[in-house]
Amino acid sequence: QVQLVESGGGLVQPGGSLTLSCAASGTFFAIISTAWYRQSPGKQREWVATINGETTYAESMKGRVTISRDFAKNTVYLQIHTLNTGDTADYYCSAEISHDAYHQPRDYWGQGTRVTVSS
């Protein structure tokens with residue numbers, strides 16, 4: 001069984017920075033890609049960034065976020081800079097994970113970590 005666990009959320013002042021982590025555990029063959037999403041109160045979940053062999057970012061977040069990966073720790077990070085109140089949201093990671101060479105990869109989601117930007 002694969003688990004994704006996000007961490008690093010909390011209360012941050014406007015203008016601050018934060019690094020979120022998404023750690024994968026369990027038995028699997030390979031992590032193909034990992035993405036971060038966020039859901040602000042009263043809004044739909046939106047995509048933030050993806051990392052596979054390359055990195056891609058939502059236009060609205062480009063320049064303020066950096067996604068990176070530590071293969072040894074099976075962990076993906078999301079750095080967010082110059083936070084503002086509009087960044088207040090639950091942040092989720094999702095990973096496309098392969099269990100073997102014969103079956104289609106499966107998508108997994110974490111439970112989310114809450115980021116609150118407030119003075």
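Reader: Why is Arg 64 called buried?

Author: Its relative accessibility is 18%, and buried means under 20% relative accessible area (exposed is over 50%, partly exposed is in between; 1.4 Å probe, protein chains only). The value is under the cut-off, so Arg 64 counts as buried. Before we go on: this is a predicted model, where local features need pLDDT of at least 70 and side-chain atom pairs count only at pLDDT 80 or more, while totals for chains, interfaces and linings use all residues. Residues are numbered from 1 along each chain as its sequence is written, and side-chain values use heavy atoms, with hydrogens and water left out.

Reader: Where does Arg 64 sit, and what does it touch?

Author: Arg 64 is in the loop between β6 and β7. Strands here are DSSP runs of E, at least two residues long, and helices are runs of H or I, at least four; both are numbered from the N terminus. Contact means heavy atoms within 4.5 Å. Leaving out residues up to four places away in sequence, Arg 64 touches Gln 79, Ile 80, His 81, Thr 82, Leu 83, Asn 84 and Asp 87.

Reader: What makes the pairing of Arg 64 and Asp 87 a polar contact?

Author: Their side chains come together at 2.8 Å. A polar contact is a pair of N or O atoms within 3.5 Å; within protein, one must be able to donate a hydrogen and the other to accept it, and residues adjacent in sequence count only if both atoms are side-chain atoms. The 2.8 Å is inside that limit, so the label holds.

Reader: Why is Ser 40 called buried?

Author: Ser 40 has 11% relative accessibility, so it also gets the label. It lies in the loop between β4 (30–39) and β5. A polar atom of the Ser 40 side chain is 3.2 Å from the backbone oxygen of Thr 88. Beyond four places away in sequence, Ser 40 touches Gly 86, Thr 88 and Ala 89.

Reader: What makes Cys 22 and Cys 93 a disulfide?

Author: Their sulfur atoms are 2.1 Å apart, and a disulfide is a pair of cysteine sulfur atoms within 2.5 Å. So the pair qualifies, and it is the one disulfide in the structure. Cys 22 lies in strand β3 and Cys 93 in β9, so the pair ties together parts that are 71 residues apart in sequence. Both cysteines are buried.

Reader: Why is the disulfide of Cys 22 and Cys 93 called right-handed?

Author: The torsion about the S-S bond is about 65°, so it gets that name.

Reader: How do you know that β4 pairs with β9?

Author: Two strands pair if DSSP finds at least two bridges between them. Nine bridges join β4 to β9, so the pairing counts; the strands run antiparallel. Trp 36 has Cys 93 in β9 as its bridge partner. β4 is also joined to β5, by five bridges, again antiparallel.

Reader: Which strands form the open sheet?

Author: The order is β1-β3-β8-β7, paired antiparallel. β1 (3–7) and β7 stand at the edges with a single partner strand each, so one side of each has no neighbour in the sheet. Six bridges join β7 to β8; Ile 67 stands opposite Leu 78, and Arg 69 opposite Val 76.

Reader: Which residues touch the most other members of the largest nonpolar core?

Author: Leu 20, Trp 36, Ile 67, Leu 78, Ile 80 and Tyr 91, out of 28 residues. Its largest share, five residues, comes from β9. A nonpolar core is a set of buried Ala, Val, Leu, Ile, Met, Phe, Trp, Tyr and Cys residues joined through side-chain atoms within 4.5 Å.
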